[in-house]
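Work through the exercises below with the sequence and the model in view. Try each task before reading its solution.

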Amino acid sequence: NPYGNIIYSPVVYAAPAIGMFFANIFNANAIQIILMARIFTLLTYILIVIAALYMIKKYSIKWIIFVVAL
């Protein structure tokens, strides 16, 4: 394996990276940068859950997916 112990795709770091980018635009300190990265990760998670619920809106399993997402 030429990549070592890399098990995560770089795609999972896109949302925090965007949050850090926007925090750097406003000259934030380290704590604010971390907080902005976490907020963008939360917003991405919410959007993914909304998209999943929208795709299965006609099935009765949507409430189970909603509860698990909470």
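**Exercise 1: two helices side by side**

Task: find how near the axes of H2 and helix H3 (residues 62–69) come and at what angle they cross, then list the residues that meet.

Solution. Step 1. The axes of H2 and H3 come within 10 Å and cross at roughly 170 degrees. Helices here are DSSP runs of H or I with at least four residues, numbered from the N terminus. Axes are lines fitted to C-alpha atoms over the stretch in contact, and angles run from 0 to 180 degrees between N-to-C directions.

Step 1. That angle makes H2 roughly antiparallel to H3 (the term covers angles over 145 degrees).

Step 2. From H2, Tyr-45, Val-49 and Leu-53 meet Lys-62, Ile-65, Phe-66 and Ala-69 of H3; contact means heavy atoms within 4.5 Å.

Step 3. By type, the residues of this contact are six nonpolar, no polar and one charged. Ala, Val, Leu, Ile, Met, Phe, Trp, Tyr, Cys and Pro count as nonpolar, Asp, Glu, Lys and Arg as charged, and the others, Gly among them, as polar.

The model is predicted: local features need pLDDT of at least 70, side-chain atom pairs count only at pLDDT 80 or more, and totals for chains, interfaces and linings use all residues. Residues are numbered from 1 along each chain as its sequence is written, and side-chain values use heavy atoms, with hydrogens and water left out.

**Exercise 2: the buried side of H1**

Task: which residues of H1 are buried, and what covers them?

Solution. Step 1. Ala-15, Pro-16, Gly-19 and Ala-23 are the buried residues of H1. They sit on the same side of H1 because they cover an arc of only 95 degrees around the axis, taken from the directions from the helix axis to the C-beta atoms.

Step 1. Their cover includes helix H2 (30–55).

Conventions: Buried < 20%, exposed > 50% of the residue type's maximum accessible area, 1.4 Å probe, protein only. Parallel < 35°, antiparallel > 145°, perpendicular 65-115°, else oblique.
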